[in-house]
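Visitor: I would like to go through the labels on this structure and ask what backs each one. Please show it first.

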Amino acid sequence: MNTEVRETIFQHALEWVLEAGKMIRAHMNDPLTINTKSNANDLVTTMDRDIEAFFTSNIKQIFPDHFILSEEGFGDQLDTMDGTVWIIDPIDGTMNFVHQKRNFAISVGIYQDGIGEIGFIYNVMEDVLYSAKRGEGAYKGNKKLPALNDNLNFHESIIGLNHFWLCENRLVDERVMQQLVKDVRGTRTYGSAALEFASVAEGILDGYLTLSLSPWDLAAGMVIVNEVGGMTTTIDGEKINMLGNNSVFTCNSKIHQRILESYLQEARK
């Protein structure tokens, strides 16, 4: 994707992300229909669907030859990342949206032939926008984010992970993960993968581990983290599959290999 095309797409996407945020804030206290999907904790609301429909309508009108990969069913059925693909999560952190009315984000990643070109993570209630264009750096609002700390001490790092890592699970030995928690400075969980990616990009977190994410949970975050020198792999150190679910490890590159080898590979079942 050349610079001119990327800038045109970026400006349209920026407008729609901010407009979608306004829509959510304006209707935040309206009655919601809340349903479950894969399990009782996997929530979807009428707002999720309305925002996704808003993006889909605008994209198809302005960019009819682009494809859409999205959570709530308004996108295309894709078996390849060829072409320009918008990967959209209208509300990442729906449980936070329902229960807290904060700590959720709009996440939009735009890929060209499988390469992340543009990323937006919009913390709607805080009105904080993280954005990135490939090769042009990452931004929080209008402020460019610095490269991640190249002198990070592993024992002073803060890692994002939820408590399922520390319970018996199908992927890793929880005892090894408990040792990781003891060896780093601290751990946090925010309930929104997009905001945890943004926190890694900003250096608020030094890494983020999750057992399973869909493409729309991570597409924007990968672009933004890449632009500050971070890296994103599966917990086996492999490339992310943009068309399926993945265990995910995004991290400051300084400590990525140590956590991968000393904890994740050691713990892997």
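**Labels and their grounds**

Guide: Helix H2, residues 46-62, has 17 residues and spans 25 Å from first to last C-alpha, close to the expected 24 Å. Helices are DSSP runs of H or I with at least four residues, strands runs of E with at least two, numbered from the N terminus. The expected span is 1.5 Å times one less than the number of residues. This is a predicted model: local features need pLDDT of at least 70, side-chain atom pairs 80 or more, while totals for chains, interfaces and linings use all residues. Residues are numbered from 1 along each chain as its sequence is written, and side-chain values use heavy atoms, without hydrogens and water.

Visitor: What makes Arg6 and Glu117 a salt bridge?

Guide: The definition asks for a side-chain nitrogen of Lys or Arg within 4 Å of a carboxyl oxygen of Asp or Glu. Their closest N and O atoms are 2.8 Å apart, so the pair qualifies. Arg6 lies in helix H1 and Glu117 in strand S6, so the bridge ties parts 111 residues apart in sequence.

Visitor: How do you know which class Arg134 belongs to?

Guide: Its relative accessible area is 35%, so Arg134 is partly exposed. Arg134 also forms a salt bridge with Glu117, at 3.2 Å from N to O.

Note on methods:
Buried < 20%, exposed > 50% of the residue type's maximum accessible area, 1.4 Å probe, protein only.
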